Amino acid sequence: MITTIPSLRFGGRILLLGCGSVSQCLQPMLLRHLDMDFSRLTVMDFEDLEGSIPETMAAGATYARVRITPDNLAEELGKHLGEGDLLINLSWNIDTGDIIGWCQDNGVLYVDTSVELWDPYENQLTTTPQDRTLYARHMKLRKRAATWKPNGPTAVVEHGANPGLVSHWTKVALEDIAGAMLRQTELTPSRKTALEEALAGKDYARLGQATGTKVIHISERDTQVSDRPKEVGEFVNTWSVEGFYEEGIAPAEMGWGTHEPVLPKHAYTHAEGPQNQICLAQTGITTYVRSWVPIGGPIIGMVVRHGEAFTISDHLTVWEGDKAVYRPTVHYAYLPTDAAMNSLHECRMNGYELQTNQRIMNDEITEGMDELGVLLLGHDLNGWWVGSQLDIHESRSLVPHQNATTMQVAASVLGAVYWIVKNPNKGLCVPDDLDHAEVLAIANPYLGKVPSVQTDWTPRSAAYEPFANFRPSEYNEDEPWAFGNFLV
């Protein structure tokens with residue numbers, strides 16, 4: 001029992017939609033920390049997974065084997081939820097606008113870890129790159145939300161580890177960078193005032209601008225290894241295989257900084273909304289960039305699309321009228337486990353046909369950690385990283401039979417649940433709208449070490465090219481933090 005997390009009294013019902021790896025990790029946390037009658041908890045999934053959650057069932061919960069569809073959504077949710085209740089959505093391929101719309105109409109609180117569609121693969125080859133993005137999903141959700149009451153039941157979208165925790169770590173990093181600059185560097189009076197005022201006002205967009213932050217990587221290296229090798233024809237991962245596949249074959253997309261000198265090859269822009277993002281007409285799992293994590297050091301990660309690239313860059317934009325005068329470039333740089341990388345390579349060799357034999361690594365993991373955080377670059381102190389360093393042994397000591405990756409996601413959902421119950425009338429929210437200190441106070445005990453550290457790493461730190469003398473340089477000397485300088 002983690003005694004640093006206070007008990008949360010909840011008198012309503014909870015529907016936990018999905019019983020996959022993250023859900024199975026979250027359930028013991030809910031049993032520990034929620035003060036409620038667990039006969040009012042229902043776990044719903046379209047697969048028969050009741051046998052995998054004996055502790056939850058012993059606490060009095062109900063298991064419902066149901067597949068939610070457009071036709072039965074209202075009927076099935078209505079059986080388990082009503083005014084003041086909570087829906088924790090850890091499923092996939094259920095339209096986010098539809099399910100939140102039902103919650104808004106029925107007074108139900110809501111949280112999920114990703115913005116979803118009923119069929120993300122529909123008309124894939126004829127749909128433009130822009131229309132396949134999370135940006136497009138967020139624009140569609142905003143239009144729906146404009147018809148809802150602004151003080152309606154709280155609905156928090158995309159609150160996992162990333163997206164989710166990374167928005168909160170970005171605020172921590174900006175505060176720590178600004179604090180270090182005020183202590184360590186000689187600043188002009190006007191710049192000192194700008195930093196102090198932004199800090200005092202918790203104006204993180206102005207804080208990003210005042211620190212000079214140009215790039216934010218969500219940098220992750222997962223080194224968890226198993227004593228059970230990946231088999232031929234098997235996709236092995238530390239979290240949802242279907243979820244990873246769906247986001248991985250989607251376009252690479254990123255928040256696009258105001259410092260960027262030129263669009264990259266295959267880039268597409270957006271014609272409506274805040275236009276804070278671009279996307280590429282190529283998959284995220286084939287778009288590689290250089291990045292860095294404190295223990296793992298230099299990495300080459302994939303620009304897999306994630307919601308934080310939209311929400312962080314949107315919230316950190318400084319506007320003067322209708323002109324964006326400051327915005328950092330924001331994107332994922334993901335290096336998953338060796339087994340997952342091998343699985344991706346095999347999948348790609350077979351024309352992106354997903355392997356039917358799938359496995360989530362848990363008890364067979366012998367060593368390793370998931371090192372996930374935010375890397376802020378280009379400011380006066382060069383680089384700064386904040387995040388979680390959670391190894392498999394600590395994960396198991398906290399929640400048996402779980403791995404570090406699912407633990408980071410589940411801890412974030414737990415933090416969001418606490419915030420939602422205490423703030424029930426905030427309407428539609430993204431992670432950046434939440435109080436980061438309140439959420440992290442709940443999540444941190446499950447996240448291992450959470451360092452906030454400076455680094456002198458740059459994209460040239462480990463960029464050795466054996467044939468550099470025999471081909472033209474693609475490095476942009478005028479803007480060292482340009483996206484093209486990170487591309488591999």
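A residue counts as buried when its relative accessible area is under 20%. Arg137 has a relative accessible area of 8%, so Arg137 is buried. The model is predicted.

**Arg137 and its surroundings**
- Arg137 sits in helix H5, which spans residues 134-145.
- Leaving aside residues up to four places away in sequence, Arg137 touches Val115, Glu116, Leu117, Pro120, Glu246 and Arg305.
- With Glu246 there is also a polar contact, made side chain to side chain at 3.0 Å by Arg137.
- Thr96 is 41 residues from Arg137 along the chain, and the C-alpha atoms of the two are separated by 8.9 Å.

**Helix H9, which contains Glu246**
- Helix H9 covers residues 241-248 and is mostly covered, with 8 of its 8 residues buried.
- The buried residues of H9 are Val241, Glu242, Gly243, Phe244, Tyr245, Glu246, Glu247 and Gly248.
- At the start of H9, Ser240 places a side-chain oxygen within 2.8 Å of the backbone nitrogen of Gly243.

**Helices H1 and H13**
- Two packed helices are described by the angle between their axes and the distance between the axes.
- For helix H1 (residues 21-33) and helix H13 (residues 404-422), the axes come within 8 Å and cross at roughly 45°.
- The crossing of H1 past H13 is right-handed.
- On the H1 side, the contact is made by Ser21, Val22, Cys25, Leu26, Met29, Leu30 and His33.
- On the H13 side, the contact is made by Thr406, Met407, Val409, Ala410, Ala411, Val413, Leu414 and Tyr418.
- Sorted by type, the residues of the contact between H1 and H13 are 12 nonpolar, 3 polar and no charged.

**Thr287 in a loop**
- Thr287 belongs to the loop between strand S14 (277-283) and strand S15 (288-293).
- The relative accessible area of Thr287 is 1%, so this residue is buried.
- The side chain of Thr287 reaches the backbone oxygen of Thr283 at 2.9 Å.
- Not counting residues up to four places away in sequence, Thr287 touches Ala252, Leu280, Gln282, Gly301, Met302, Val303 and Leu487.

**Backbone features**
- Most residues other than glycine have a negative phi, and most peptide bonds are trans.
- The peptide bond from Asn162 to Pro163 is cis, with omega near 0°.
- Pro163 is in the loop between strand S8 (155-156) and helix H6 (165-184).
- The loop between S8 and H6 also holds Glu158.
- Glu158 is not a glycine, but its phi is positive, near 60°.
- With a relative accessible area of 2%, Glu158 is buried.
- Lys202 is another residue other than glycine with a positive phi, in this case near 50°.
- Lys202 lies in the loop between helix H7 (189-201) and helix H8 (204-211).
- The relative accessible area of Lys202 is 53%, so Lys202 is exposed.

Methods: Residues are numbered from 1 along each chain as its sequence is written. This is a predicted model: local features need pLDDT of at least 70, side-chain atom pairs count only at pLDDT 80 or more; totals for chains, interfaces and linings use all residues. Side-chain values use heavy atoms; hydrogens and water are left out. Axes are lines fitted to C-alpha atoms, for helices over the stretch in contact, and angles run from 0 to 180 degrees between N-to-C directions. Helices (H or I, at least four residues) and strands (E, at least two) are DSSP runs, numbered from the N terminus. A crossing is left-handed if the near helix is turned anticlockwise from the far one by less than a right angle, and right-handed if clockwise. Contact means heavy atoms within 4.5 Å. Ala, Val, Leu, Ile, Met, Phe, Trp, Tyr, Cys and Pro count as nonpolar, Asp, Glu, Lys and Arg as charged, and the others, Gly among them, as polar. Buried means under 20% relative accessible area, exposed over 50%, partly exposed in between (1.4 Å probe, protein chains only). A polar contact is a pair of N or O atoms within 3.5 Å; within protein, one must be able to donate a hydrogen and the other to accept it, and residues adjacent in sequence count only if both atoms are side-chain atoms.
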